[in-house]
Amino acid sequence: MNKRHDCIVVGSGPSGAMAAQTLVEHGVDTAMLDVGYTSDAKYHIPDLPFTDIRRTDPSQHEYFLGKDCTGIPTGNIHTAPQITPPRLFTTHGVEHWLPIESSTFHPYQSLAYGGLGNAWGLACFAYTPDELHGIGLDVSRTQDAYTTIAQRIGISGEHDDGGPYALNHVEYIQPAATLEPSMQHIYAAYQRRRKTIQRHGGRVGKTPLALLTQHLNGRTPTPYTDMDFWTNPGLSAYRPAITLNALKKQRHFTYYSNRLVLAFAEKKNEIAVTAQHTDTDHTETMYCTRLLLAAGTLGTARVIMRSFPNAAHCLPLLSGTYHYLACIQPAMFGKDPGTRKISYSQLTLFLDEAGDGNASATAMLYTYRSLLLFRLANQLPINYADAIRLLAYGSSSLVIAGIHHAEHPSAQKYIRRIPDASRATADVLQATYTLNAAERARHRQHERRIASILLRLGCIPMYRIDPGHGSSIHYGGTLPFDPTGAPYTLAHDGRLSGTRHIYIADGSGFRYLPPKGPTFTLMANAHVVATHVINSR
Amino acid sequence: MGYKEEINILWRTLLNVSADERVAQRYQEAVETLPYTLTPKERKVWGQLLRHAWLLPYVDAGLAIRNSQHPFRKRMYLALALLEAHPSSADFLLTTRRRFLTARVALISLRACVRTVLGIVIVTCIIHPVRV
Ligand SMILES: Cc1cc2nc3c(=O)[nH]c(=O)nc-3n(C[C@H](O)[C@H](O)[C@H](O)COP(=O)(O)OP(=O)(O)OC[C@H]3O[C@@H](n4cnc5c(N)ncnc54)[C@H](O)[C@@H]3O)c2cc1C
């Protein structure tokens, strides 16, 4: 019998999870089609602080290195070391089902239950009205949606100097997580030199995180064990699986795993959605009256290009540019970094050159401990015995700034779908991504200014790492919002132009990417799109 | 030379810690699963290096500059990863307060430089001809 649902949501990442929750809360019969890989290896990670685990657990190698040591990264610095062995399932099956060919763009994609949200770093930025406008989103609806999402997922933060760049008017914010000593030093240095730093365009604020510092719906506050990259005690960190597991208990919600959506066809009264079973390889067609695509920017682009094979040759692409700056913080040299800490970014430096309340670049500040020093030893051009000693002596004074730049479309940033019978889906995505000289110069200039502010904050920049395009894991812009209704664009309500009931609920519509994590906005937008779907019935 | 002896020598070279039977088992499994195998010629040189373990840091340092993806260096990296995921390294690696810390850093940095210079010579004369 053919399966029919009122609404089908494709993808279970942060966007899909939020869209589905909104639909189900309004009583809409909703099905979610997803590949939904989960971890098959079971890790027994004690609920102890990282330092205690390191000192006592004889089985720590199982989760720190992976059961068969396959979690030991080789080659150059991995851009997402946070995808640790217990989370390797996040990118499982991607090479097979979502192939991409490119020498200039190396994205992260996911077919996991909860998508890339299994590994995301929880940084939640509410965009400013100018940024929302630039993206093409309705400012007041998105701002309301931020508060809805904050209530759902739980966000901790502070309305400090970073507030206007990160939290705006979002309500229901829990208190920010306690800063560890290294970050306390930086924050204190900022307070002392606030005027000078602000004159140079710098603002420092506590990074808003989807991490609980108070109880919320049966979830418990962070225990500050510094084990955040390996486990999620008390579900203090928001992961989409939390929403999905709750939705699965609802009458109106059906979750179909092992379904890779290939294409759709909109007919008079219904939409036929074709999916390939990833376990048996057979294809299946399901029907709905409204389709919400939330397969991630690249995943959705594939489905669209397959559904209109004759028309869409090429789609534009945006991927935030990202660099690391490794710094030494002399004030922490030889000091105890403390046992109680979180592993996520605790402070963000916003570079507001124009002084208009919009950041042109941001630097998220991290300390380094629980991802283990051997990864860093592999990056140093000296012998391991000395490298590990130097790192052990200096680890408490190591600060890493992850610098995000704003990204705008250009003719050198695009993807195209190429038929290829040798691939599992009979096609492959080809991507081209290069920056022009002006963009590169602008990034360099921002980085120089950030480096000089970091110096004033007591961090000496030592080494710049360029992990390449795709490493920011912030993607968008393939089907940009466009009020004129041009082909392969989205209307303000997320509807794909030329269709009646096909909606896009992920980052595909974003016309530009602000220099800050997009996921909070993706979730808010997914809620707004789902609300439009409800109203359109 | 067996894996037990090999990992023991590597751990002692890296942090002066000895490895037990279970670590040796883990090391063996990893060497056999991951692409860390050696050609017969390399195995010979590797065996000699393990027998003259004082040479290891020099060769490691030379390879870090000349060929950081060399299988010898990969084996040392694997040994280092296993060492850091074992309780016996925790006290050393997690302690940040130490006496004469600046002097220690200066001395180790100096030692690393010397090892690099000599290591490049050794690698150029011994290791690279073997690979050719
Ligand atoms: C290590 C790491 C750190 C990050 N840190 C941050 C951060 O701090 N702040 C921030 O804002 N962002 C961060 N991100 C980015 C964030 O994870 C993404 O922006 C977010 O997950 C995108 O959500 P999405 O739902 O649109 O897509 P995804 O998370 O990619 O989910 C896509 C979903 O679609 C499904 N899917 C794909 N194709 C198909 C198909 N054809 N058929 C059926 N299902 C399909 C997949 O199974 C998956 O469930 C980070 C990401 C990583 C990996």
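The model is predicted: local features need pLDDT of at least 70, side-chain atom pairs count only at pLDDT 80 or more, and totals for chains, interfaces and linings use all residues. Residues are numbered from 1 along each chain as its sequence is written, chains are lettered from A and ligands numbered from 1 in the order in which they are written, and side-chain values use heavy atoms, with hydrogens and water left out.

Start at the ligand. Around the ligand sit 34 residues, each with a heavy atom within 4 Å of it. A:Ser15, A:Asp34, A:Gly121, A:Val261 and A:Thr519 come nearest. By type, the shell holds 18 nonpolar, 13 polar and three charged residues. Here Asp, Glu, Lys and Arg count as charged; Ala, Val, Leu, Ile, Met, Phe, Trp, Tyr, Cys and Pro as nonpolar; the others, Gly among them, as polar.

Next come the polar contacts (pairs of N or O atoms within 3.5 Å). A side-chain N or O atom of A:Ser12 is 3.0 Å from an oxygen atom of the ligand. A polar backbone atom of A:Ala112 also lies 3.0 Å from a ligand oxygen. At A:Gly121, a backbone N or O atom is 2.7 Å from a nitrogen atom of the ligand. Taken alone, the ligand exposes 1,000 Å², and the protein buries 95% of that. These areas come from the Shrake-Rupley method with a 1.4 Å probe.

Now move to chain B. B:Gly2 is partly exposed, with a relative accessible area of 37% (buried is under 20%, exposed over 50%, partly exposed in between). The C-alpha atoms of B:Gly2 and B:Ala24 are 9.1 Å apart, with the two residues 22 apart along the chain.

Terms used
Polar contact = N/O pair within 3.5 Å; in protein donor to acceptor, adjacent residues only side chain to side chain. Buried < 20%, exposed > 50% of the residue type's maximum accessible area, 1.4 Å probe, protein only.
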